[in-house]
Structures are given as C-alpha cells and as structure tokens.
Amino acid sequence: MTRLNLIKVIKLGRRSYLSTLVLQKWFQQHHLEVQDSNHVLILVEHNPVYTAGYREEISREEKERLIECGAEFIHSDRGGLTTFHGPGQLVAYPILHLEKLSPRLTLRNYVSLLENTAIHTCRMLGIPAQLSTDSVAHTGAWVNDRKICAIGVHCRRHVTTHGLALNNNVDLGWYQHIVPCGIRDKGVTSICEELSYDLAMENVIHQFLQSFQSIFKCSIQAYDEALLKQILERHATTSQ
C-alpha cells in the first residue's frame with residue numbers, strides 16, 4: 001500500500017509578498033538542513049504587488065509606472081513573467097522536497113500536478129477550467145482564452161518555493177497595467193467572474209485543499225500554531 005505524503009498547511013491570511021517570500025526561504029533552507037523536515041503548503045492573500053520573473057529585465061521607468069498604480073513591485077526568483085497578486089486571490093506556496101515525496105517527482109511532473117490541482121478546484125466549483133490548447137508554454141489553468149490561475153515556481157536542490165495564484169474575486173482591473181505572464185492575445189478571469197457571484201475565500205480554500213489532497217495523493221494537517229508563531233516572530237523585522 002502506497003504511503004500518503006503528509007503536508008502541513010499554514011493559513012497566513014493577508015500578508016505582504018516580501019515577508020511571505022522570507023518565510024518560504026526559511027522553510028526551504030530548513031528542508032535542506034534538517035533530514036526529517038515537514039512538507040509545507042502556505043496559503044495567503046497578498047497586498048497589491050506586481051512581481052517579475054528572474055529572467056525578465058524590467059526598466060526603472062516601468063517599475064515606477066507600476067508602483068504609481070498603487071502596488072509594490074518586486075523582482076522575484078520564480079519562473080514566468082510579470083503578474084499581479086492582491087486581495088481576493090488565493091496564493092499557494094508548496095514547500096516540498098521532491099526527492100522525499102513518495103513517489104518522487106520531477107519538476108515537470110510537479111508543475112503538472114499544480115495545474116491539475118487548480119483545474120480540479122475550478123471544476124468542482126462549477127467552472128470548466130482546462131490546460132491551454134494553444135501552447136505548452138502557456139502554463140496554468142484556463143477558461144477558454146482567459147487565465148484563471150497562474151503558475152511560477154522555483155526549485156533549489158529538489159526543494160520548491162513559489163507556486164500558484166488562483167483568482168477568486170480579485171479586482172481584474174490591476175491586470176490592465178501589464179501583459180499578464182507575457183501573453184498578449186489572452187485575457188484573465190476569476191472564479192466570481194465565471195460564476196457571476198462572489199464566493200467566500202474560505203470556500204475556495206476548502207475546495208482547493210480537497211483538490212490538492214486528491215491530485216497530490218497526500219494527507220494534510222494544520223501546522224503547529226505555537227511553532228509557527230515562533231518562526232514568524234523570528235522574522236518580525238520584515239514588514240507585514
């Protein structure tokens with residue numbers, strides 16, 4: 001009988017991108033240094049922020065233009081191109097050691113599981129999401145020609161950071177200031193846009209966790225609150 005992987009879930013609520021990135025890096029480093037570290041899934045909503053992938057070259061003028069829109073701008077170390085994160089968007093950061101999962105995963109297989117988790121979540125909520133039919137380079141989950149979930153990951157010595165961003169009731173107007181993920185002839189959408197009514201974030205999180213367990217064939221458990229508090233206090237100098 002195949003052993004189910006155990007994933008510890010951390011629900012951060014609303015938190016800045018940079019402070020969450022610091023937390024991701026702490027868990028990644030802990031994986032690399034401690035043999036029996038927990039696999040972790042961080043769930044968060046960010047304050048408005050535009051992020052660029054590590055391969056992008058963004059001019060100072062472009063950064064200033066986006067900041068003037070009312071958001072932060074951060075050059076990230078994830079893959080992919082410029083995107084937006086903000087309130088009403090469920091962001092999931094799995095910090096997993098791919099070599100310690102059963103069965104082991106390649107990075108390509110891992111990204112495929114993320115896509116399928118987002119698609120399964122949407123379909124269970126009544127939205128016919130699917131993979132892009134145009135190009136394998138168009139990662140994420142799509143509803144026709146509109147992206148509902150973006151994916152961008154980083155992997156260091158088999159340990160993942162970053163992840164996916166699923167639009168629930170995020171203000172889609174933020175995307176008008178960029179070419180989302182560098183794809184000019186496509187649009188963006190959200191769960192509430194497709195359903196024509198608002199869905200509480202907790203309902204989306206509940207379905208997402210069910211889908212994550214099903215697709216990744218894992219069990220989930222809440223991360224120890226006292227231990228998490230200690231870790232967060234250790235990084236309290238990072239702005240929230």
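View 1. Strands of a sheet pair through backbone hydrogen bonds, either parallel or antiparallel. The model shown in every view is predicted, so that local features need a pLDDT of at least 70 and side-chain atom pairs count only at pLDDT 80 or more, while totals for chains, interfaces and linings use all residues. Residues are numbered from 1 along each chain as its sequence is written, and side-chain values use heavy atoms, with hydrogens and water left out.

**View 2. The open sheet of E4, E3 and E5.** Three strands form this open sheet in the order E4-E3-E5, and their pairing is mixed. Strand E4 (72-75) and strand E5 (83-85) are the edge strands, each of which pairs on one side only. From one strand to the next, the twist averages 30 degrees. Strand E3 (residues 49-52) and E5 run antiparallel and are joined by three bridges, and in this pairing Val-49 has His-85 as its bridge partner.

**View 3. The crossing of helices H1 and H6.** The axes of helix H1 (residues 17-33) and helix H6 (residues 225-234) come within 10 Å and cross at roughly 115 degrees, where axes are lines fitted to C-alpha atoms, for helices over the stretch in contact, and angles run from 0 to 180 degrees between N-to-C directions. Leu-23, Trp-26 and Phe-27 of H1 meet Ile-231, Leu-232 and Arg-234 of H6, contact meaning heavy atoms within 4.5 Å. Sorted by class, the residues of this contact are five nonpolar, no polar and one charged; Ala, Val, Leu, Ile, Met, Phe, Trp, Tyr, Cys and Pro count as nonpolar, Asp, Glu, Lys and Arg as charged, and the others, Gly among them, as polar.

View 4. Ser-211 has its place in helix H5 (residues 201-216) and is buried, with a relative accessible area of 0%; buried means under 20% relative accessible area, exposed means over 50%, and partly exposed lies in between (1.4 Å probe, protein chains only). Leaving aside neighbours within four places in sequence, Ser-211 is in contact with Thr-117, His-120 and Thr-121. With the side chain of Thr-121, the side chain of Ser-211 makes a polar contact at 3.3 Å, a polar contact being a pair of N or O atoms within 3.5 Å, of which, within protein, one must be able to donate a hydrogen and the other to accept it, and residues adjacent in sequence count only if both atoms are side-chain atoms.

View 5. Most residues other than glycine have a negative phi, and most peptide bonds are trans. Ser-102 and Pro-103 are joined by a cis peptide bond, with omega about 0 degrees. Arg-157 has a positive phi, near 50 degrees, and is exposed at 53% relative accessibility. His-162, in strand E9, also has a positive phi, near 65 degrees, but is buried, with a relative accessible area of 1%.

Key: Helices (H or I, at least four residues) and strands (E, at least two) are DSSP runs, numbered from the N terminus. Two strands pair if DSSP finds at least two bridges between them.
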